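User: I would like to learn how the features of a structural model are read, taking each idea and then its case.

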Amino acid sequence: MQRLMKLEITNKIRDFNINHLEEMCADLLMVSYTQLGQTPDKEQVLILTQTLAKDLMQDFGSSLTWEDVERSFRKGIRDGKEFHMSVPTFYKWLRRWRDIKWDSIYQVETQGKDPKSLPYFKESQNQIKLLT
């Protein structure tokens with residue numbers, strides 16, 4: 001089971017079953033609410049869970065993995081100026097992470113930069129992976 005989960009978090013979001021993605025989004029949102037010191041009601045969590053899952057599939061499905069999503073939330077909570085959970089908040093975190101990822105890939109593949117010189121990347125099995 002753990003091996004399956006490890007492979008799963010590195011799959012693109014588009015490869016997920018929407019019901020499974022919603023479960024993962026609900027868990028991530030609850031952890032995020034807790035880290036922000038908030039206690040949402042069930043209706044809030046349900047609406048944001050469905051919105052996050054749909055946004056991930058439609059807007060980030062081909063560019064992000066679940067690992068990227070988790071890291072975007074982690075970085076957003078720790079480095080962001082947003083202290084409440086909302087669609088604009090998580091969307092900003094996801095876009096910011098996607099831009100960091102794309103910029104770093106561009107720097108390595110096009111400009112020939114050493115992946116070790118980039119703060120969010122390391123080289124692994126001929127692929128570039130994000131670090132937190």
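User: In which loop is N17 found?

Analyst: N17 is found in the loop between α1 (2-9) and α2 (18-35); helices (H or I, at least four residues) and strands (E, at least two) are DSSP runs, numbered from the N terminus. This is a predicted model, in which local features need pLDDT of at least 70, side-chain atom pairs count only at pLDDT 80 or more, and totals for chains, interfaces and linings use all residues. Residues are numbered from 1 along each chain as its sequence is written, and side-chain values use heavy atoms, with hydrogens and water left out.

User: Which elements make up the protein chain, and in what order do they run?

Analyst: The protein chain has 5 helices and 2 strands, and from the N terminus the order is α-α-α-α-α-β-β.

User: Which end of α2 does N17 cap?

Analyst: A polar contact is a pair of N or O atoms within 3.5 Å; within protein, one must be able to donate a hydrogen and the other to accept it, and residues adjacent in sequence count only if both atoms are side-chain atoms. N17 caps the N-terminal end of α2, with a side-chain oxygen 2.7 Å from the backbone nitrogen of N19. At α3 (residues 42-60), the N-terminal cap is D41, with a side-chain oxygen 3.1 Å from the backbone nitrogen of E43.

User: How many residues of α4 are buried?

Analyst: In α4, 10 of the 14 residues are buried, so this helix is largely enclosed by the rest of the structure. Among them are W66, V69, F73 and I77. The end C-alpha atoms of α4 are 20 Å apart, in agreement with the 20 Å that its 14 residues should span at 1.5 Å a residue; the expected span is 1.5 Å times one less than the number of residues.

User: Which residues line the largest cavity?

Analyst: Rolling a probe the size of a water molecule over the atoms shows where empty space is left. On a 1 Å grid over the protein atoms alone, a cavity is a set of points where a 1.4 Å probe fits but cannot get out, and lining residues have an atom within 4 Å of a point. The lining of the largest cavity consists of R71, S72, K75, G76, W93, R96, W97 and I100. The elements giving two or more residues to this lining are α4 (66-79) and α5 (87-109).

User: How much space lies in the largest cavity?

Analyst: About 40 Å³ lies in the largest cavity. Grid points are joined across faces, edges and corners, and a volume is the space filled by probe spheres set on the points. The search of the whole structure finds 1 cavity of 30 Å³ or more.

Key. On a 1 Å grid over the protein atoms alone, a cavity is a set of points where a 1.4 Å probe fits but cannot get out, and a pocket is an open set with protein on both sides within 12 Å along at least five of seven lines; lining residues have an atom within 4 Å of a point. Buried means under 20% relative accessible area, exposed over 50%, partly exposed in between (1.4 Å probe, protein chains only).
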